[in-house]
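Here are my notes on the pockets, the cavities and the ligand site.

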Amino acid sequence: MAATTANQSLDIQALNSRFALPGIVKIVPGNNTFPKVVVTTPQASAEIYLHGAHLTSWIPTGQKEVIFLSEKAQFQDGKAIRGGVPICFPWFNAKQDDPKAPSHGFVRTKSWQLDAITHEGNAIAVSLSTQSDEATKKWWPHNFHVTQRITIGTQLKIELVVTNTDNSTLTFEEALHTYYHVGQIREATVVGLNDTTYQDNTEGNREKLQQGNNTFTQRTDNAYLNTQHDIEIIDPSLQRRILIAKRHSNNTVVWNPWEELAQSMADLGDEEWQKFVCVEAANIRANAITLQPEEQHTMAAIVQVQQLG
Ligand code: TA6
């Protein structure tokens, strides 16, 4: 791990003086000394990097880790952390009109500002924000402000609030690209997308109809259309189900790279593909969001864990 520079220590000291809650919240140098918010309460623990406002851990008390983080995740400027909850904005996957643009937009590789850490009942809410600047306008010539509010307790609530701070219409895509930890992908089932039309990215986004629940036997990269349905990940290996409710999200993306693609990914351990499934609350493609000047849109995912049996 790189040594924390004097400036970084000062930054962390300043962040703690503003936001630390003794015995509950502290900011520490995380991987590669990137500032990390650490939350520890009787209900749950969690970790959030300011880099990308990237949640990398949520453990409800009595449970195992719910969020997958690659053992080879790289914490580098300009690079997305592999695992956790990458924020995809203002486009999803490749930018349609510019193949050189960063995959999934540019906010997941920006350093976000920590705005507030507050008690919400017996939960803790952490608010972080980012906004347009000269660097973002090179890729996307619009003014915007994005706040991510993460509420950590016996459930996990992630809200993505986009404000059009421009004086013209803003159309964007968004996704909470969440990597959920499962014991063995081959044994996992995703329930809630039956009879929903999806675009299969492994076959040039050909449209198909989901027949029954999702089980996993190969690379899966499905964008489900016009669905606000709650999702359940049933994980017999860890004897639990992960319940995901969405708010104002009309797409759900389900992804696992499987073995061959995983082995081409430098920031993913060779066998780690078996330990996660991405289930992503999103608004993409025909469900992209359009805001008039000063309008705001909030998409949310609310996650709970229950023991099986
Ligand atoms: O959400 C699925 C997906 O769009 C896949 O096509 C794959 O590209 C994945 O995201 C990971 O993308 P990343 O840019 O984080 O490697």
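1. Helix 1 is the main contributor to the lining of the second largest pocket, giving 4 residues. Both helix 1 (6-19) and strand 6 (113-120) supply at least two residues to this lining. Note that the model is predicted.

2. The second largest pocket has a volume of about 290 Å³. Its lining has 14 residues, and those nearest the centre are Asp-11, Pro-35, Leu-50, Ser-111 and Trp-112. By class, the lining divides into 6 nonpolar, 5 polar and 3 charged residues.

3. The largest pocket has a volume of about 340 Å³. It is lined by 21 residues, with Arg-82, Ser-103, His-104, His-177 and Trp-255 closest to its centre. The lining comprises 9 nonpolar, 5 polar and 7 charged residues. This pocket is the space taken by the ligand.

4. Around the ligand are Arg-82, Phe-92, Asn-93, Ser-103, His-104, Arg-108, His-177, Asn-201, Asp-221, Val-253, Trp-255 and Glu-280. Sorted by class, this shell has 3 nonpolar, 5 polar and 4 charged residues.

5. Asp-221 has a polar side-chain atom 2.6 Å from a ligand oxygen. For Arg-82, the distance from a side-chain N or O atom to an oxygen of the ligand is 2.9 Å, and for His-104 the corresponding distance is 3.0 Å. The ligand taken alone exposes 390 Å², of which the protein buries 83%.

6. The largest cavity contains about 40 Å³ of space. Its lining is made up of Leu-176, Thr-178, Tyr-180, Ile-244, Lys-246, Thr-252, Val-279, Glu-280, Ala-281 and Ala-301. Among these, Glu-280 also belongs to the residues around the ligand.

7. Strand 21 (276-283) and strand 19 (240-247) each supply at least two residues of the lining of the largest cavity. Strand 21 has the largest share, with 3 residues. By class, 6 residues of this lining are nonpolar, 2 are polar and 2 are charged.

8. The second largest cavity has a volume of about 30 Å³. Phe-92, Asn-93, Asn-201, Asn-205, Asp-221, Asn-222, Ala-223, Val-253 and Arg-285 line this cavity. Phe-92, Asn-93, Asn-201, Asp-221 and Val-253 are also among the residues around the ligand. Strand 17 (residues 220-224) provides the largest share of the lining, 3 residues. The classes here are 3 nonpolar, 4 polar and 2 charged.

How values were computed:
Residues are numbered from 1 along each chain as its sequence is written. This is a predicted model: local features need pLDDT of at least 70, side-chain atom pairs count only at pLDDT 80 or more; totals for chains, interfaces and linings use all residues. Side-chain values use heavy atoms; hydrogens and water are left out. A residue is near a molecule or strand if one of its heavy atoms lies within 4 Å of it. A polar contact is a pair of N or O atoms within 3.5 Å; within protein, one must be able to donate a hydrogen and the other to accept it, and residues adjacent in sequence count only if both atoms are side-chain atoms. Accessible areas come from the Shrake-Rupley method with a 1.4 Å probe; for residues, only the protein chains shown count as cover. On a 1 Å grid over the protein atoms alone, a cavity is a set of points where a 1.4 Å probe fits but cannot get out, and a pocket is an open set with protein on both sides within 12 Å along at least five of seven lines; lining residues have an atom within 4 Å of a point. A molecule sits in a cavity or pocket if more than half of its atoms lie within 2 Å of its grid points. Ala, Val, Leu, Ile, Met, Phe, Trp, Tyr, Cys and Pro count as nonpolar, Asp, Glu, Lys and Arg as charged, and the others, Gly among them, as polar. Grid points are joined across faces, edges and corners, and a volume is the space filled by probe spheres set on the points.
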